[in-house]
Amino acid sequence: MNRSSRTAAAALTAAGILAGAAWPTGGASAAARAPAATHDRVLWGAATIPPGRDGIVEAAGLTGSALGAGSTLTLSAPAGARVTGVPLDAPGYRGTVAADGRSAVYTAVSAERPWRAGTFPFVLVVPVDAVPGTRLSGCVLRLADADGTARAAGGCQVTVGLAEPALTRPEPGVPLGARPVIAGTAHPGARITVSDRDGHEVCTDTAGSDGRWSCAPGPALPAGPNRLQATAVLNGVSASSEQIQITVGNAAPAR
């Protein structure tokens, strides 16, 4: 993968870490836990990914006896999700994605002491109609030697996140009255809180079925430059918009 691809992968919205560790309470399915009875390493990863977006689950350096060339690290995607990429940029490994996106595999081809250095990212995409706050079941991770014998296994927890809300009113840099209408879009049903540059609550609303919301400040905004930001919350997950610069009254905008 080239530098620009690495930058794009790094910019994806969510990442999980996979390592030799005990299972978090209630974190794994019975299918994912089963191999742990005969192997001393349990694999675990977690990611929060908004509907219709890409996110990364990463495998980090593993402990235990070394595996040689031909060993593999496989991720089977959770229900509804697909693996879309294996963007590792390191010599000694080959990554492949199944045609249906249900799984992806890294194979050690020439790495010295494979799986011990760096991270091994799998890019997943969550369905556009997934409900924020839900967890997608069935994500399985498996490390096998060249003969296909499982040496470690486990799972990953993929939580459906929330897309960032948008602020569409007021327009940045335009002088405003003390109680301007503030509006935007967000995931339907999300609770929206608008805050100023000091983190003080300005106003709140709930996004309608069309995703639109609007509110106006209760107490008047102070004169002069300020910033506004909207935060959306739904089913225990949250996301924030970009900040916009505003000016109340005739003061010059902040630069």
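## Gln157 and its surroundings

Gln157 is part of strand 11; helices (H or I, at least four residues) and strands (E, at least two) are DSSP runs, numbered from the N terminus. The side chains of Gln157 and Arg135 are joined by a polar contact of 3.2 Å. A polar contact is a pair of N or O atoms within 3.5 Å; within protein, one must be able to donate a hydrogen and the other to accept it, and residues adjacent in sequence count only if both atoms are side-chain atoms. When residues up to four places away in sequence are not counted, Gln157 touches Trp44, Gly45, Ala46, Ala47 and Arg135, contact meaning heavy atoms within 4.5 Å.

## Basis of the model

This is a predicted model, in which local features need pLDDT of at least 70 and side-chain atom pairs count only at pLDDT 80 or more, while totals for chains, interfaces and linings use all residues. Residues are numbered from 1 along each chain as its sequence is written, and side-chain values use heavy atoms, with hydrogens and water left out.

## The chain as a whole

The chain contains two helices and 20 strands. Of its 255 residues, 43% count as buried, that is, under 20% relative accessible area, with exposed over 50% and partly exposed in between (1.4 Å probe, protein chains only). Among contacts between residues at least 6 apart in sequence, 65% join residues at least 24 apart.

## Nonpolar cores

The largest nonpolar core has 32 residues, and those with the most contacts inside it are Leu73, Leu75, Tyr106, Trp115 and Phe120. Such a core is a set of buried Ala, Val, Leu, Ile, Met, Phe, Trp, Tyr and Cys residues joined through side-chain atoms within 4.5 Å. At least two residues of this core come from each of several strands, including strand 2 (42–49), strand 8 (119–125) and strand 11 (150–160). Strand 11 supplies its largest share, four residues.

Leaving aside neighbours within four places in sequence, Phe120 is in contact with Val57, Glu58, Ala59, Leu73, Leu88, Tyr93, Tyr106 and Trp115. Apart from this core lies another, of 23 residues, among them Ala186, Ala207, Ala230 and Ala239.

Three strands form an open sheet in the order 12-14-17, with antiparallel pairing; two strands pair if DSSP finds at least two bridges between them. Strand 12 (166–169) and strand 17 (212–215) are at the edges with a single partner strand each, so one side of each is left without a neighbour in the sheet.

Strand 12 and strand 14 (residues 182–185) pair in the antiparallel sense over three bridges. Opposite Leu167 stands Gly184 in strand 14.
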